[in-house]
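Please consult the sequence and structure shown here while reading.

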Amino acid sequence: MKKQFLKGNYFRISNEVFSFRLRPITFLVYCYLVKCDNPTYGCFPSKATIARECGISESSVDKAVSELKKRGIVWVEHRHSKYKQQSNMYHLRSLYDLRTRELAAEIDEEEYERELAADQWTKELAEDLPF
């Protein structure tokens, strides 16, 4: 028997999103951007559309997008036609790749701290030697 909840209009989101511990409004905006993303045409909803569809203010959209940019999850391409600004193009990065890099950086930092501690211990041991 097929699962009933899979019928209808829906989108999928990576489980990795939860490891980023996004604020609820930022999570909501991210989900909306994922929903709008099209592999062929990209993702370019206007700020007003994001605000309306998410039920938040445009300033909340700005804060959420700023957080997503700061975390490296999204980068924004500001688009202009000959006479006016167009809606931004949002480029979504792979959360799995970002999380893998983030974990690798944490491991590198821990390893560096262990090496630093070992070097300090070696120096202290050398200072205690009689020669």
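## Contacts of threonine 26

In this predicted model, threonine 26 is in contact with Ala64, Glu67 and Leu68, when its neighbours within four places in sequence are left aside. Threonine 26 lies in helix α1. Its relative accessibility is 0%, and it therefore counts as buried, the limit being under 20%.

## Helix α1

Helix α1 covers residues 24-36, which amounts to 13 residues. From the first C-alpha to the last, the helix reaches 18 Å, close to the 18 Å expected at 1.5 Å a residue.

Threonine 26 is one of the buried residues of this helix.

Side chains of opposite charge can pair when their charged atoms come close. The count of salt bridges in this model comes to three.

One of them joins the side chains of arginine 23 and glutamate 67, with a distance of 2.8 Å from N to O. This pair links distant parts of the chain: arginine 23 belongs to the segment before α1, whereas glutamate 67 belongs to helix α3 (residues 58-70), and the two are 44 residues apart. Arginine 23 has a relative accessibility of 40% and so counts as partly exposed. Glutamate 67, by contrast, has a relative accessible area of 16% and is therefore buried. Glutamate 67 is also among the residues in contact with threonine 26.

## A salt bridge between lysine 47 and aspartate 62

A further salt bridge is formed by lysine 47 and aspartate 62, whose closest N and O atoms are 3.1 Å apart.

Lysine 47 counts as partly exposed because its relative accessibility is 34%. Aspartate 62, at 38% relative accessibility, likewise counts as partly exposed.

## A salt bridge between arginine 52 and glutamate 53

Arginine 52 and glutamate 53 also form a salt bridge, and their closest N and O atoms are 3.7 Å apart.

Notes: Residues are numbered from 1 along each chain as its sequence is written. This is a predicted model: local features need pLDDT of at least 70, side-chain atom pairs count only at pLDDT 80 or more; totals for chains, interfaces and linings use all residues. Side-chain values use heavy atoms; hydrogens and water are left out. Helices (H or I, at least four residues) and strands (E, at least two) are DSSP runs, numbered from the N terminus. The expected span of a helix is 1.5 Å times one less than its number of residues. Buried means under 20% relative accessible area, exposed over 50%, partly exposed in between (1.4 Å probe, protein chains only). Contact means heavy atoms within 4.5 Å. A salt bridge is a side-chain nitrogen of Lys or Arg within 4 Å of a carboxyl oxygen of Asp or Glu.
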